Amino acid sequence: MNINKLNKDIDSFAYWNVPRVDLSSCLAEERENAFRRAYRPGFPSGYRQRLLNTSGVGYVFVGKNRGNRGNTEELANFHGSIQSADYRLAAAAYGTATWGAFMTDISDEVNSNSREVKLRTENVETLMKHLKDVGIPNTVTLIALGKDVYTILEANKGLIPGKIVRIPHYSRINIGKYPHWDAHKVHELLQKMP
């Protein structure tokens with residue numbers, strides 16, 4: 001992996017602070033609450049050394065775009081304020097093969113109202129070029145965070161040699177919507193990743 005090619009504004013990795021409790025017997029909601037209590041904004045410094053030793057990436061979480069209140073520190077996308085509910089994704093990914101996955105947004109547009117962000121084929125082309133530049137194999141599984149990202153990836157699957165899967169977005173605005181975030185179901189989906 002060529003970490004010098006990372007886009008400091010939209011790239012990160014699926015590492016968060018891990019709660020200091022036994023998570024093995026926790027129900028999914030308890031695990032999510034434990035990650036919420038342990039959550040600290042910003043990329044956890046304890047994982048930086050692991051990035052230098054990354055020999056291969058099998059999964060890429062693909063979000064839509066960065067919100068206006070995103071953390072501007074390096075690798076801090078997907079590690080914003082606790083209101084962003086990133087801890088939900090942390091709890092779902094922990095203990096699965098997706099823990100430590102590469103993370104990026106398909107659009108570099110900054111807008112907290114993601115409905116205003118329009119995705120096009122060019123976004124997919126730029127994403128695939130960026131993954132190649134960073135040194136991520138083209139056989140990775142792209143994990144779309146939400147319907148909009150999944151739809152544009154599927155519409156352009158001829159540009160994507162690897163697999164495309166979808167999970168609901170972890171945002172708290174997805175409560176009550178279909179498909180809404182369900183800590184147990186999302187954790188199960190990530191456990192079953194190919």
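## Notebook: sheet, helices and loops

I began with F13, whose bridge partner in β3 is F102. Before going further I noted that this is a predicted model, in which local features need pLDDT of at least 70 and side-chain atom pairs count only at pLDDT 80 or more, while totals for chains, interfaces and linings use all residues. Residues are numbered from 1 along each chain as its sequence is written, and side-chain values use heavy atoms, with hydrogens and water left out.

**Entry 1: the sheet**

I wanted to know in which order the strands of the sheet stand. I found an open sheet of 5 strands in the order β1-β3-β2-β4-β5, with mixed pairing; strands, like helices, are DSSP runs numbered from the N terminus (strands are E, at least two residues; helices are H or I, at least four), and two strands pair if DSSP finds at least two bridges between them. β1 and β5 stand at the edges with a single partner strand each, so one side of each has no neighbour in the sheet.

I then went through the pairings one by one. Strand β1 (residues 12-13) pairs with β3 in the antiparallel sense over 2 bridges. Strand β2 (residues 59-63) pairs with β3 in the parallel sense, over 4 bridges, and I noted that V60 stands opposite F102 in β3, while G63 has D105 in β3 as its bridge partner. β2 and β4 also run parallel and are joined by 4 bridges, with Y59 opposite T141 in β4.

**Entry 2: burial of two strands**

Are the residues of β2 buried or exposed? I read that 5 of its 5 residues are buried, where buried means under 20% relative accessible area, exposed over 50%, and partly exposed in between (1.4 Å probe, protein chains only). Y59, F61 and G63 point one way from β2, and V60 and V62 point the other way. In strand β3 (residues 102-105), F102 and T104 point one way and M103 and D105 the other, and all are buried.

**Entry 3: helices on the sheet**

I looked next at what lies on the sheet. Helix α4 (residues 121-134) lies across β2, β3 and β4 (141-145) and runs at about 145° to β3; axes here are lines fitted to C-alpha atoms, for helices over the stretch in contact, and angles run from 0 to 180 degrees between N-to-C directions. Helix α5 (residues 147-155) packs on the sheet and touches β2, β4 and β5, its direction making about 165° with that of β5; contact means heavy atoms within 4.5 Å.

**Entry 4: helix against helix**

Two packed helices are described by the angle between their axes and the distance between the axes. Helix α1 (residues 28-38) and helix α3 (residues 86-93) pack at an angle of about 125°, with axes 8 Å apart. They are therefore oblique to each other, since angles under 35 degrees count as roughly parallel, over 145 as roughly antiparallel, 65 to 115 as roughly perpendicular and the rest as oblique. In this contact R31, E32, F35 and R36 of α1 meet Y87, R88, A90 and A91 of α3. By class, the contact of α1 with α3 has 4 nonpolar, no polar and 4 charged residues (Ala, Val, Leu, Ile, Met, Phe, Trp, Tyr, Cys and Pro count as nonpolar, Asp, Glu, Lys and Arg as charged, and the others, Gly among them, as polar).

α3 also packs against helix α6 (residues 183-191), at about 50° and with the axes 8 Å apart, and these two are therefore oblique as well. Here A91, A92 and A93 of α3 meet V186, H187 and L190 of α6, which divide into 5 nonpolar, 1 polar and no charged.

Most residues other than glycine have a negative phi. A85, in the loop between β2 and α3, has a positive phi of about 65° and counts as buried at 0% relative accessibility.

Leaving aside its neighbours within four places in sequence, S171 is in contact with S84 and R88.
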